[in-house]
Amino acid sequence: MIPNVIRWLKREKPARRPNDNAARPKGPRIPLFGHPIAALVACLAVAGAGIGAIQVFGDPSAAGPREFIQLAPGPAHADAAPHISFSELAEAGAELDPMLETIPVDDLPHGAEPADGTGGQVQISMVESDVSRPQNVRPLPRAPIPALLQNGMPIVAPDGRTSSRVYARPFSGDGSKPKIAIIIGGLGFNARQTTQAIDELPSDVTLSFVPYAQNLQSWIDRARARGHEVMLELPMEPFDPNADDTGPQTLMASRDTSQNIPRLENLLGRASGYFGVTNYQGARFASSAQASAPVVAQLRRRGLSFIATGIGQRTALSVEAARAGLQNTAADRIIDARREADSIDEQLLNLEALALQNGAAIGAGFAYPVTMVQVAEWASEISSRGYALAPASAVLAQRAAPRR
């Protein structure tokens, strides 16, 4: 095409073939262009045609790779890989699928593109590395400890050891400072929030898991590997059964021992490594001494502790727990009844006041992203304000100790 255009512009005579006796065309002569000008005009014509084709048909290379880089194969090292926390992703507006742990392409940082041939999906390799762990993390012993387990159920060991002591995180802070414990619950259902709680909250924060969660033991193992002590949530009957679904193994105020105890054993046998249990809902169940008594007696026989959250400081359940000799207490505040940063900060300050007054305080919250961000920020400064962040088991033990 280009040679013909040039020939037309220059009015050149095509190369004469053998026996070609065609006469030269007659007519006025047109001045000939120089070769550089002719080439420039030809290039402009071709470029213009190309731009027009792109406007009509689209850029055929737009979806392809912009640059090719040859990568030499070699071992992958976590310390050389980029790191980004789940809270940073949330702040950037990325939404992760809670079960598949995927990120929509549109939520990726600027400049990140899907690999060619992946159908628009981005593949992210995640590696477990000590680099991403806080420097002060000390893993807790892996569960189960054989002496504390029988037929999949927690028991008191022959030498008297109990889950409430062995699986608790030892307190290593300044004992002269008022202690504040935080329990973050509702873990195990949402993979993103559970991972954020395990990996980004301080190890002294106690984590509470939903018994119906898939891979429950794996989540508990991971939490203990990051130094967190763990609790198991027992679904209990609320006053309004339509307010929230507490699941098929809910402990009911209207059921007798023959029905509630098998449910309790079903829940306790789903995993190991928890030092105690807490309630999920349960205001109606906690109001029934008749329903509570056999449950707390069973918890006592199995060497567990109980911390109530959101059902009141003194209930029939707490009275029966004390009567049975079950080590128990209640959280002083629900820190995220309002899911707002300012409200959470206010409740954390209330915990400080209670700890200063009583020597210790316990706050409980749900694994909302805003809750975990505020707790992490608050915990990073708590020591400088004269308080000690402590596992919930440490505050429980302090309250259970006889006063001098």
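Here is a quick tour of the charged and aromatic side-chain contacts in this predicted model.

Let's start with the rings. Searching the whole structure turns up one aromatic pair. Phe-366 and Tyr-368 have ring centres 4.7 Å apart and planes at 50°, so they count as a tilted pair. Phe-366 is partly exposed, at 31% relative accessible area. Elsewhere, Lys-179 lies over the face of Phe-171, 5.0 Å from the ring centre.

Now for the charges. Side chains of opposite charge can pair when their charged atoms come close. This structure holds 12 salt bridges, including these:

| Salt bridge | Closest N and O atoms |
|---|---|
| Arg-226 with Asp-199 | 3.2 Å apart |
| Glu-265 with Arg-302 | 3.9 Å apart |
| Arg-385 with Glu-381 | 3.5 Å apart |

Take Arg-226 and Asp-199: their bridge links distant parts of the chain, 27 residues apart. Asp-199 belongs to helix H5, while Arg-226 is in the loop between helix H6 and strand E5. Both residues are buried, and along with Arg-222 they are linked in a network of salt bridges.

Glu-265 and Arg-302 also connect distant parts of the chain, this time 37 residues apart. Glu-265 sits in helix H7, and Arg-302 in the loop between helix H9 and strand E7. How accessible are the two? Glu-265 is partly exposed at 31%, whereas Arg-302 counts as buried at 15%.

As for the bridge between Arg-385 and Glu-381, Arg-385 is partly exposed at 34% relative accessibility, and Glu-381 is partly exposed at 44%.

Technical notes
Residues are numbered from 1 along each chain as its sequence is written. This is a predicted model: local features need pLDDT of at least 70, side-chain atom pairs count only at pLDDT 80 or more; totals for chains, interfaces and linings use all residues. Side-chain values use heavy atoms; hydrogens and water are left out. Rings of Phe, Tyr and Trp (its six-membered ring) pair if their centres lie within 6.5 Å; planes under 30 degrees apart count as stacked, over 60 as edge-to-face and the rest as tilted. Buried means under 20% relative accessible area, exposed over 50%, partly exposed in between (1.4 Å probe, protein chains only). A charge sits over a ring if NZ of Lys or CZ of Arg is within 6 Å of the ring centre and within 35 degrees of the ring normal. A salt bridge is a side-chain nitrogen of Lys or Arg within 4 Å of a carboxyl oxygen of Asp or Glu. Helices (H or I, at least four residues) and strands (E, at least two) are DSSP runs, numbered from the N terminus.
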